[in-house]
Amino acid sequence: MPTVKFTKEKKEIEVPAGTDLRSAAQKAGVNLYDGFNGFGAKLNAIFNCHGLGLCGTCRVNITQGIENTNSMTFREKVKFRTPLPTPIPDPLPCLAYIGNEDSMRLACMTRIEGDIEVETGPPIDLFGTNFFS
Ligand code: FES
């Protein structure tokens, strides 16, 4: 069975292949909804799309093993690459995606096929080199 390591929380869990990352995090007791650099985390934990791929609040960085996941879904591409209004407006996923194009995913849309390492709630670097490059 694939192993998922949540690096910030220092938790590791084994899940059956094909499990979505959101379910794996919930099983491990990991909060995916970190808000805007930690701000709004409690609200996000309640007000999210509950795995429909619409809100973007479950964004994670797959720091190792991205090849052990499914390819990026249409909903992720829309959410990360276009700052267009979606049913639940949230421009933050687009900002977080900059500089993390190869590793940023929505946990609810990510299927685990092999071992991965995950950084939950990756920070948004508004004033760093990635944002203005
Ligand atoms: S829970 Fe809303 S996009 Fe994943």
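User: In what order do the five strands lie in the open sheet?

Analyst: In this predicted model, the five strands form an open sheet whose pairing is mixed. Its edges are formed by β2 (11–14) and β4 (104–106), each of which pairs on one side only, and the average twist from one strand to the next is 35 degrees. Read across the sheet, the order is β2-β1-β5-β3-β4.

User: Which residue of β4 stands opposite R59?

Analyst: Strand β3, which covers residues 59–64, pairs with β4 in the antiparallel sense, and three bridges join the two. Within this pairing V60 has R105 as its bridge partner in β4, while the residue opposite R59 is L106.

User: Which residue of β5 is the bridge partner of N61?

Analyst: Strands β3 and β5 run antiparallel and are joined by four bridges. In β5, the bridge partner of N61 is E119.

User: What angle does the direction of helix α1 make with that of β2?

Analyst: Helix α1, made of residues 21–28, packs on the sheet and touches β1 (3–6), β2, β3 and β5 (116–120). Taking its direction against that of β2, the angle is about 120 degrees.

User: What pattern of helices and strands does the chain follow along the sequence?

Analyst: The secondary structure comes to five helices and five strands. Read along the sequence, these elements follow the pattern β-β-α-α-β-α-α-β-β-α.

User: What share of the contacts with a separation of 6 or more joins residues 24 or more positions apart?

Analyst: The chain has 133 residues, of which 31% count as buried. Among its contacts with a separation of 6 or more, the share accounted for by residues 24 or more positions apart is 71%.

User: Which element gives the most residues to the largest nonpolar core?

Analyst: The largest nonpolar core has 18 residues, and those with the most contacts inside it are L21, A25, L32, C58, V60, A107 and V118. At least two residues of this core come from each of β1, α1, β3 and β5. The element that gives the most, with three residues, is α1.

User: Which residues are in contact with C58, leaving aside its neighbours within four places in sequence?

Analyst: C58 is one of the residues with the most contacts inside the largest nonpolar core. With its neighbours within four places in sequence left aside, the residues in contact with C58 are R22, L32, Y33, N48, L106, A107 and C108.

Methods. Residues are numbered from 1 along each chain as its sequence is written. This is a predicted model: local features need pLDDT of at least 70, side-chain atom pairs count only at pLDDT 80 or more; totals for chains, interfaces and linings use all residues. Two strands pair if DSSP finds at least two bridges between them. Axes are lines fitted to C-alpha atoms, for helices over the stretch in contact, and angles run from 0 to 180 degrees between N-to-C directions. Two residues are in contact if their C-beta atoms, placed from the backbone, lie within 7 Å. A residue is buried if 20 or more other C-beta atoms lie within 10 Å of its own, exposed if 12 or fewer, and partly exposed in between; C-beta atoms are placed from the backbone. A nonpolar core is a set of buried Ala, Val, Leu, Ile, Met, Phe, Trp, Tyr and Cys residues joined through C-beta atoms within 7 Å.
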